[in-house]
Structure formats: C-alpha cells, structure tokens
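Please give me a short report on this structure.

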Amino acid sequence: MAQLDGSDIVYVARVAVPKLITLRVEIGTRFPAVQTSQGKVLLAALDGDDLAAALTEPSRSGLPRYIGRSAEQLHDELAEVRARGWALADEELAPGVRSVAVPVRDGTGAVRAAANVTVHAAETGRETLLEEHLPLLLRTAGEISGEWAAWQRRPHSTVQRATSVSVAT
C-alpha cells in the first residue's frame with residue numbers, strides 16, 4: 001500500500017512474497033507516481049490544480065525521469081483510471097515488473113491510499129493479472145476501506161499532554 005507525496009508514491013505497508021522481483025521495496029520506498037499503478041490511482045483521484053502541482057514537483061525517488069508518454073497521454077490515461085477504478089503499469093517502472101492497483105478510500109469516499117499486486121511479467125500475463133488478481137485486489141481494498149470508515153466513525157478523544165514541569169531547586 002502506498003500514499004502520494006508530491007510526485008512520488010511512498011510505501012506505507014507491504015506484504016512480501018518469496019518471489020524474485022527486480023525491485024527492492026520496503027516501507028518508505030519512493031517511486032515516481034507516473035510510473036506505477038499505485039501512483040496512477042492516486043494521481044487520478046486529484047483535482048486539476050492538485051494534479052498539476054503534483055506533476056510539476058520533482059521526484060525524490062532517485063530514479064530517472066520517465067519519458068514513455070506525453071502530458072496529454074498521461075492525462076488521458078488518468079481519466080481512464082478514474083473512470084474504471086483501477087490502474088495498470090506494465091514494465092513502466094522497471095523491465096519485468098507489471099502491477100495493477102486500486103484505490104483505498106476513507107469513510108467519506110476520498111482516496112487515501114492505493115493497494116497493488118506486483119508480478120513478474122515473464123511469469124504472469126496481463127490477462128491473468130486482470131482476470132484473477134484484480135478481482136481479489138478490489139475485494140481486499142473494499143474491505144480495508146470499510147475498516148477505515150468504521151474506524152473514522154468510532155468516537156475519538158484527544159488526550160492533553162502535560163506541559164513541562166519546572167522543578168524548583
């Protein structure tokens with residue numbers, strides 16, 4: 001699971017599987033949003049001004065800028081992602097890496113994160129990813145979104161921290 005930070009996604013949760021993927025991902029790992037399925041989901045959820053601001057901010061991932069599509073093509077792809085509710089990244093981040101992502105929403109319906117499944121392109125075709133993995137991912141993201149909404153509905157209280165106490169000497 002990742003959240004958007006400027007023009008990057010940042011991993012906030014991860015479940016690793018014992019498969020060889022060419023990317024090393026840990027909590028806190030950054031990738032350019034436009035090159036990832038999660039980033040596309042998160043960018044597609046932004047309004048026009050926020051999207052423009054995110055896309056003009058330089059990536060802090062350390063990866064070279066992706067030049068695989070024009071700004072117009074990216075906007076068209078994000079409109080499609082917004083309409084269908086999921087995004088695909090097919091070897092855009094790295095050779096051999098294919099992923100599909102879906103939004104995770106809070107109780108108001110706002111997209112707060114994105115969850116994805118990443119596979120090795122040589123082992124899992126697009127059809128398998130979309131027909132077998134995507135439905136499970138949609139269901140899981142729906143369950144997480146439901147838990148997020150339930151947590152938001154719970155009463156929360158603020159605990160006041162004690163101010164520093166000065167000791168008389």
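From the N terminus on, the protein chain runs β-β-β-α-α-α-β-β-β-α. That order holds four helices and six strands. Helices (H or I, at least four residues) and strands (E, at least two) are DSSP runs, numbered from the N terminus. The model is predicted: local features need pLDDT of at least 70, side-chain atom pairs count only at pLDDT 80 or more, and totals for chains, interfaces and linings use all residues. Residues are numbered from 1 along each chain as its sequence is written, and side-chain values use heavy atoms, with hydrogens and water left out.

The C-alpha trace of the protein chain spans about 70 × 35 × 35 Å along its principal axes. Of the 169 residues, 37% are buried. Buried means under 20% relative accessible area, exposed means over 50%, and partly exposed lies in between (1.4 Å probe, protein chains only). Contact means heavy atoms within 4.5 Å. Among contacts with a separation of 6 or more, 59% join residues 24 or more positions apart.

Eight of the eight residues of H1 are buried, so H1 is largely enclosed by the rest of the structure. They are Ser 37, Gln 38, Gly 39, Lys 40, Val 41, Leu 42, Leu 43 and Ala 44.

How do H1 and H3 pack? Helix H1 (residues 37-44) and helix H3 (residues 71-84) meet at an angle of about 85°, and their axes are 9 Å apart. Axes are lines fitted to C-alpha atoms, for helices over the stretch in contact, and angles run from 0 to 180 degrees between N-to-C directions. H1 and H3 are therefore roughly perpendicular to each other. The cut-offs are under 35 degrees for roughly parallel, over 145 for roughly antiparallel, 65 to 115 for roughly perpendicular, and oblique for the rest.

On the H1 side, Lys 40, Val 41, Leu 43 and Ala 44 make the contact; on the H3 side, Glu 77, Leu 78, Val 81 and Arg 82 do. By class, this contact of H1 with H3 has five nonpolar, no polar and three charged residues. Ala, Val, Leu, Ile, Met, Phe, Trp, Tyr, Cys and Pro count as nonpolar, Asp, Glu, Lys and Arg as charged, and the others, Gly among them, as polar.

**Helix H4**

H4 covers residues 126-153, and its end C-alpha atoms are 38 Å apart. A kink of about 40° lies at His 133, shortly before the proline Pro 135. The bend at a residue is the angle between axes fitted to the seven residues ending there and the seven starting there. Buried in H4 are Leu 129, Leu 134, Leu 137, Ala 141, Ser 145 and Ala 149. Their cover includes strand E4 (87-90), strand E5 (97-105) and strand E6 (111-120).

**Three single residues**

| Residue | Relative accessible area | State |
|---|---|---|
| Ala 114 | 0% | buried |
| Glu 91 | 40% | partly exposed |
| Arg 161 | 79% | exposed |

Ala 114 is in strand E6. Leaving aside neighbours within four places in sequence, Ala 114 has contacts that include Met 1, Gln 38, Val 41 and Val 104. Ala 114 and Val 104 are 10 residues apart in sequence and 5.3 Å apart in space, C-alpha to C-alpha.

Glu 91 is in the loop between E4 and E5. Most residues other than glycine have a negative phi. Glu 91 has a positive phi of about 60°, although it is not a glycine.

Arg 161 is in the segment after H4.

How values were computed:
Expected span 1.5 Å × (residues − 1).
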